[in-house]
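Visitor: I have a structure open and a few things to ask about it. Can we go through them one at a time?

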Amino acid sequence: MRIAVPNKGSLSEPSVAMLKEAGYRVRRDSKELVVADPDNGVEFFYLRPRDVAVYVGQGQVDAGITGRDLLLDSGSAAVEIMPLGFGGSTFRFAGRAGTASGVGDLQGRRVATSYAGLVAAHLADHGVQAEVVRLDGAVETAITLGVADAIADVVETGTTLRNQGLEVFGEPILRSEAVLVRRADAAESAVEVLHRRLMGVVTARHYVMLDYDCPTTIVEQAVTLTPGLESPTISPMHDKDWVAVRAMVPRGRTNAIMDELYDIGARAILVTEITACRL
């Protein structure tokens, strides 16, 4: 199987780290463009982030990691399989104060962006006819230089926009993150192992294992707090009035859940990091 990986940019290192965590061989040098992993029957191709979806869509590679924004902008036949939980960004319109309050106000105007396909599709979806000006680099100066009336770009803190006297308007065009993609008409079995492994990594990163002892009288109340991904494991203890419960819980809510369990009478709570997970 052939898998495309971003060779540079903000998605590159996290992609490599996730693949390594999933048990694959990854490149050791940023100059390596092809890495064979015969033990897993995989060959990795390190490509420009913008090209990943194109190669996947045309069938040159079976799957790839790219940004949701780059996938949609490419217009390729690749489809998203799953989000990977990193590389998050928000794509929005911006302009001078008073330029517009929403996408409808862009009718007949010029919009500069590095994501022409994505923006053109968004405008069409809202019935807005506007000229999309494609720029390869930073677009923040497009309005100052008279190239456009508004821009569409990735917005993080908004500092760069404010420095150019711009402000965002309207609803976000897209909330993007890194995603695993495959060709639309490809058999899912071709990337099943990769999908399962990456899903395991994402799950392990977002959950911890919680073990606790619980009186049998409050089991139903306790498992309501810790339903797990499918169902918690409940085991009998030597004292028949107690059971041991094990369940995966969201990492961000661990302490709150522990407090709630103590409040209802559960005891001996233990948190364990999940280093690997197969669903």
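Visitor: What covers the buried residues of α2?
Guide: The cover includes β1 (2–6), β3 (42–47), β4 (63–67), α3, β5 (78–83) and β11 (178–183). Contact means heavy atoms within 4.5 Å. Helices (H or I, at least four residues) and strands (E, at least two) are DSSP runs, numbered from the N terminus. This is a predicted model, where local features need pLDDT of at least 70, side-chain atom pairs count only at pLDDT 80 or more, and totals for chains, interfaces and linings use all residues. Residues are numbered from 1 along each chain as its sequence is written, and side-chain values use heavy atoms, with hydrogens and water left out.

Visitor: Which residues of α2 are buried?
Guide: Pro49, Val52, Ala53, Val56 and Gly57. Buried means under 20% relative accessible area, with a 1.4 Å probe and protein chains only.

Visitor: How are they placed around the axis of α2?
Guide: They fall within an arc of 120°, so they line one face of the helix. The arc is that of the directions from the helix axis to the C-beta atoms.

Visitor: And what comes just after α2?
Guide: Gly59, with a positive phi of about 85°.

Visitor: Switching to Glu140. Is Glu140 buried or exposed?
Guide: Buried, at a relative accessible area of 15%. Glu140 sits in the loop between β8 (131–134) and β9 (150–155).

Visitor: Which residues does Glu140 touch?
Guide: Leaving out residues up to four places away in sequence, Glu140 touches Ile151, Asp153, Thr160, Leu161, Gln164 and Leu166.

Visitor: Where is Glu80 relative to Glu140?
Guide: Glu80 is 60 residues from Glu140 along the chain, and their C-alpha atoms are separated by 29 Å.

Key: Buried means under 20% relative accessible area, exposed over 50%, partly exposed in between (1.4 Å probe, protein chains only).
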